[in-house]
Amino acid sequence: MKKRVLVASNRGPVSYEFGPDGALTGRRGGGGLVAGVAEGLAALTPEAEVSWICAALSDADRAAAHRRSVDREEPGDVPVRMLDIPPETFDRAYNNVANSVLWFVQHLLFDTSNQPRFGHEFRRDWAAYLAYNEAFADAMADEAAEGSASSAGVRALIQDYHLSLAPRLLRDKLGDAYADVGIAHFSHTPWAPAEYYRMLPVEVGEAVLDGMLGADHVGFHARRWAAAFLDCCEAILGARVTRTDPVAQVMHRGRVTQVAVHPLGVDAPALRTRARAGDVRAHVAALGQAAGGRKLIVRVDRTELSKNIVRGLAAYRELLATRPEWHGRVVHLAFAYPSRSAVPEYRAYTEQVRQIAAEITAEFRTPDWNPLILDVRDDYPRSLAACAVADVLLVNPIRDGMNLVAQEGPVLSERGCALVLSREAGAAATLAGDALLVNPYDISETAAALHRALVMPDDERRRRSAALAATAAASPPARWLGDQLASLDT
Ligand code: F6P
């Protein structure tokens, strides 16, 4: 008998669109979480029976959710169960709580003289977040009960801040009858220091921690985030924490939860194979032509407040303003694809990005040199191509759970790239030795690091890039997922 593995995440591995004739077509879902889990599962599927529970994110997804409860896109793909959560509940849970509050807390994004404000509207949204988590817990409990008899054990892998309450809810629903179902929760975000986390209303801060501690195993990408979580468990819940390495333990409400670090890197061979495809090669040629033999500074991000795109552009402006020797000799490719446009702060931020980009172009452009190419369209093959041709890769988030671009870039790089990396990215824990680390708030330091990266001797750049690629390849998704499953067996 095989093991049964249930994955639960807000965004799933497939999203649907209506074609002109009203027919539904499926597309692979995007983002680091989906890519990591999907690649991890691919290595696992021969030994396990997997299903992936996710939310319907659009009307087309909702239609697909009703078509069949379990959908399989292509032979070999993971069966997907999409939950049709009422649109208003989904909106309040995803946009108003997960993305506007929990995301902001974990990334320290609040402009605290004005935000957050927790009034009755927030309490209403919080009730929706609970209902949304209940819907996932119900679906997982059904699948677990069904799978228990016919499998060699059920494991639930619950992903991210959208589903912080789900582990406890699932545990309670399963009760003693299914006490052997293993539950893991993984955070793809950073975790806030306790003093900042305390900003949440008391009952909310406690519920999130208590919800996650319903799991047997709680995972983070970096040691810093795990340590901050343990601090919160102690300071806010009064839980008993044993800080053993590599696995810490939290004792709360008579249960022990393991807390551990599982860095997620990349599947380097698969990524390199993808980059050899015709669509990527066509973009490599086009980007090479746009650069016209000049050095290329590349960034690839969602247009996301935590990614710090505005300060990154300000640093490029400072580089050009203070070091005129780069005029006409460098081009900055900034790919910033749209994200979470239902949240007002994201719309305002996108405007700020466009504004500063327009200012840089107006200030420095000459008839034969365009210093900055900003493109906000999501184009995966073009993003891979940009990484392949970069001389310098700029990854300067305010805070980031891990950051896959910092790892994909060196793996894809054809001439070797210098990585300018925020010390606040989870990836800095493993890449620090070969990247140029910067304080993401310090524009002058970032500008100086860009200069240093641009003048880095070729052999040093190649050597550092190869070392970065090797580090990224050392924690492939299969290992990331396999280690979490193995932890549930101990
Ligand atoms: O960093 C957390 C995360 O879940 C990523 O794994 C993912 O790329 C991103 O957020 C996706 O956000 P959304 O689903 O809101 O677009």
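## A buried charged pair

Let's start on the inside: Glu 143 and Arg 81 are both buried. In this predicted model, the two form a salt bridge, with their closest N and O atoms 3.0 Å apart. Glu 143 sits in helix 4 (residues 120–150) and Arg 81 in strand 5 (residues 80–83), so the bridge ties together parts that are 62 residues apart in sequence.

Helix 4 has another link of this kind. Its Asp 125 pairs with Arg 92 of helix 3 (residues 87–106), so here the parts tied together are 33 residues apart in sequence. The closest N and O atoms of Arg 92 and Asp 125 are 4.0 Å apart. Asp 125 has a relative accessible area of 6%, and because anything under 20% counts as buried, this residue is buried.

## A bridge within one helix

What separates Asp 483 from Arg 479 in helix 18? About one helical turn, because the two are four residues apart in that helix, which covers residues 477–489. In general, an α-helix has 3.6 residues a turn, so residues three or four places apart point the same way. Asp 483 and Arg 479 form a salt bridge, their closest N and O atoms lying 3.6 Å apart.

Across the whole structure, a search turns up 38 salt bridges.

## The nonpolar cores

The largest nonpolar core has 144 residues. Which of them have the most contacts inside it? They are Phe 136, Met 140, Trp 191, Tyr 197 and Phe 229. Leaving out residues up to four places away in sequence, Phe 136 touches Ala 8, Ser 9, Asn 10, Ile 53, Cys 54, Ala 55, Leu 83, Ile 85 and Leu 163.

There's also a second, separate core of 28 residues, and its members include Tyr 16, Val 37, Cys 54 and Leu 481.

## Helix 11 and its cover

Helix 11 runs over residues 309–322, and at 1.5 Å a residue its 14 residues should span 20 Å; the end C-alpha atoms are 20 Å apart, which agrees.

Among the buried residues of helix 11 are Ile 309, Val 310, Leu 313, Tyr 316, Leu 319 and Leu 320. What covers the buried residues includes strand 12 (295–302), strand 13 (330–337), strand 14 (372–375) and strand 15 (392–395). Helix 12 (344–364) and helix 16 (443–455) are also part of that cover.

Note on methods
Residues numbered from 1 in each chain as written. Predicted model: local features only at pLDDT ≥ 70, side-chain atom pairs only at ≥ 80, totals over all residues. Heavy atoms only, no water. Core = buried A, V, L, I, M, F, W, Y, C linked by side-chain atoms within 4.5 Å. Buried < 20%, exposed > 50% of the residue type's maximum accessible area, 1.4 Å probe, protein only. Contact = heavy atoms within 4.5 Å. Expected span 1.5 Å × (residues − 1). Salt bridge = Lys/Arg side-chain N within 4 Å of Asp/Glu carboxyl O.
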